[in-house]
Amino acid sequence: MAFFNLLNRVEYACVCGLLNPLTKLYFCRHCAKLRCGFCVCHEVDSNFCSNCLENIPSSETKIRKNRCNTCFNCPSCQHTLSVRATNTTVPLTAAAGDSKEGSPVASAAEDSSKAKPDAAKATPGAKQVTKKMYYLACLTCRWNSHDIGLPDQTVPSGQWPEPEYPNATRFALLLEHYQSVVLHDKQERQELWRRKTLKKSQFPSLTDRTGLTVSMMRRQMGWTEGKVQLKTTPTPINPSVASDEVDELPDELFNSEVNLKTITTLTQRLAQPAKQSASVNQLYPQHNLLSIKRSLRCRQCDHNVIKSEYNPTSIKYRIALFASYHVPDVRLVRGPDATDGSLILRITNPTINEMTITIMELPTAEEERLMIQELKASTATAAETAGTSAVGAALNPAFTRVSTLLEEPRMIDRTVNAILKLPDSSFTINQRDDSAEFDEVVQGRQDEPKFIVWRKANHVAIRLGVQTKPALPADEDVVVGFTLQYTYVNTVAEKSLASSGPTSMAGPDREQKWQALTTRIYVNLGKLQQVSAE
């Protein structure tokens, strides 16, 4: 459990220069590089309610304002409300009116019962029937809709009354105004792009299929265009004017005793930003916010890194390229102490192929700058190639690749203040075998290098010496770093070779799917331990 609570002890360096634990990184098998959350593009696949698991289209999500129509949240504790049933005694006329919905007799009986409620209650000879009614209740804080006087509904999925907000009209006018402004700006950009687009030829053919023939004939005859797009103008709106006149606070606010049980908390007010009631008697249930299923796409090659199932009830992934499935997992088993100035690292092979591990020194500052320059040059070349292609030039410039979308590479902001004694040779880690944990076969003893402490299945523990730099402050953490080189089987290359034919799987092409990848790892060993002199 120490590894899950202290994730920042061992951090991996992304291509952009940010440090993250292995559990927060992704691996693009097309680029064969690590990607962090800033190096991938986040896309929303579907919207759904986490309570009723209803899948809602994106167009309907905007209409519903990103909320579910049937599920509500408790205004007191923000948990999901449950629909509870209760038996209520009502007059026979009201029951008959509910059973015959839509008939004029039923509506007249309902109007009469609403107009004269006291007379119906006072009639001693009126028959009473039991009817099932539904209300909202919270099973966590015991709040229910009876506390604020919400009427019960006859069906579980009834339309619960919505509160009226004082500034609802003003917000509707503001929304309409800004929508017209956005539409006006969009039309101006399209018109500017149409004017700047170069024509293919000065004398276009009249036999093409673009409708140009009909357009020129209408112009020669003096007719107007068939489809003229009218330019929209922003709808005017009265601006808000600040005023110095503020209403005075009532005297009862200073004289009356304060009961904290009747005053809403800050969390309850922020959950209802439209009204922000000060009393708990004015808190109404809020519709549940919708959840999303998103996919992650590599910004450099546009291939999916994470792709989930479309069904809201499924938690599986179609594509799950987490870094913990492809990159060796390094964990700190034991740090250096006063008696032994060495640390023990455990390296795990998560793949189904053997890995050859080589531990090397970190690149210097000059070498790191050269790596960043090469990465920027390769990114600019790829963006220029995509922008000057025939397909990219024919499309809207908004759909072409923009190099600014890629994360800017930077120097790693981590200072190494200890020297690590690296091993003098490489070593191999066995492939992952799930059935090996249940087998009782004892591995034969083999000649291992001195730095290997133990080996079990796809795990290897190594011992590395640590020497801190002189004059290191006692309140500063000891950080060591190294470059981990490992062999990786490129599954994309393997599939391409298999699809090209069986003859291409032999010879030098067979070795192309094996790649030697490197990643930089930084280990935080904690602060220096003060040794008391005896």
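Predicted model: local features only at pLDDT ≥ 70, side-chain atom pairs only at ≥ 80, totals over all residues.
The lining of the second largest pocket is made up of 13 nonpolar, five polar and four charged residues. Helix α6 provides the largest share, four residues.

**Enclosed space**

The structure holds two cavities of 30 Å³ or more, and the largest cavity contains about 60 Å³ of space. Around the largest cavity stand Phe72, Leu136, Leu150, Trp160, Pro161, Glu162, Pro163, Tyr284 and Pro285. By class, the lining of this cavity has eight nonpolar residues, no polar ones and one charged residue.

**The six-stranded sheet**

Let us turn to the strands. Six of them form an open sheet in the order β2-β1-β22-β21-β16-β18, and their pairing is antiparallel. At the edges are β2 (19–20) and β18 (427–429); each has a single partner strand, so one side of each lacks a neighbour in the sheet. In general, strands of a sheet pair through backbone hydrogen bonds, in either the parallel or the antiparallel sense.

Two pairings in this sheet involve β22. Strand β1 (residues 10–13) meets β22 (residues 514–527) in the antiparallel sense through three bridges. Strand β21 (residues 477–489) also runs antiparallel to β22, and 13 bridges join the two. How do individual residues line up across these pairings? In β22, Tyr522 is the bridge partner of Glu11, and Ile521 stands opposite Tyr12. Gln485, in turn, stands opposite Thr518 in β22.

**Aromatic pairs**

The structure holds five aromatic pairs. Two of them are set out here.

| Pair | Centre to centre | Angle between planes | Arrangement |
|---|---|---|---|
| Phe27 and Tyr488 | 5.0 Å | 65° | edge-to-face |
| Tyr317 and Phe322 | 5.6 Å | 85° | edge-to-face |

Why does the pair of Phe27 and Tyr488 count as edge-to-face? The planes of the two rings stand at 65°, and the class takes in planes over 60 degrees apart, so this pair belongs to it. The pair also links distant parts of the chain: Phe27 lies in strand β3 (residues 26–28) and Tyr488 in strand β21, 461 residues apart. Phe27 and Tyr488 are both buried.

Is Tyr317 buried or partly exposed? With a relative accessible area of 44%, Tyr317 is partly exposed.

Notes: Residues numbered from 1 in each chain as written. Heavy atoms only, no water. Pairing = 2+ DSSP bridges. Nonpolar A, V, L, I, M, F, W, Y, C, P; charged D, E, K, R; others polar. Phe/Tyr/Trp six-rings, centres within 6.5 Å; stacked < 30°, edge-to-face > 60°. Buried < 20%, exposed > 50% of the residue type's maximum accessible area, 1.4 Å probe, protein only. 1 Å grid on protein atoms, 1.4 Å probe; cavity = no way out; pocket = protein on both sides within 12 Å on 5 of 7 lines; lining within 4 Å. Points joined across faces, edges and corners; volume = space filled by probe spheres on them.
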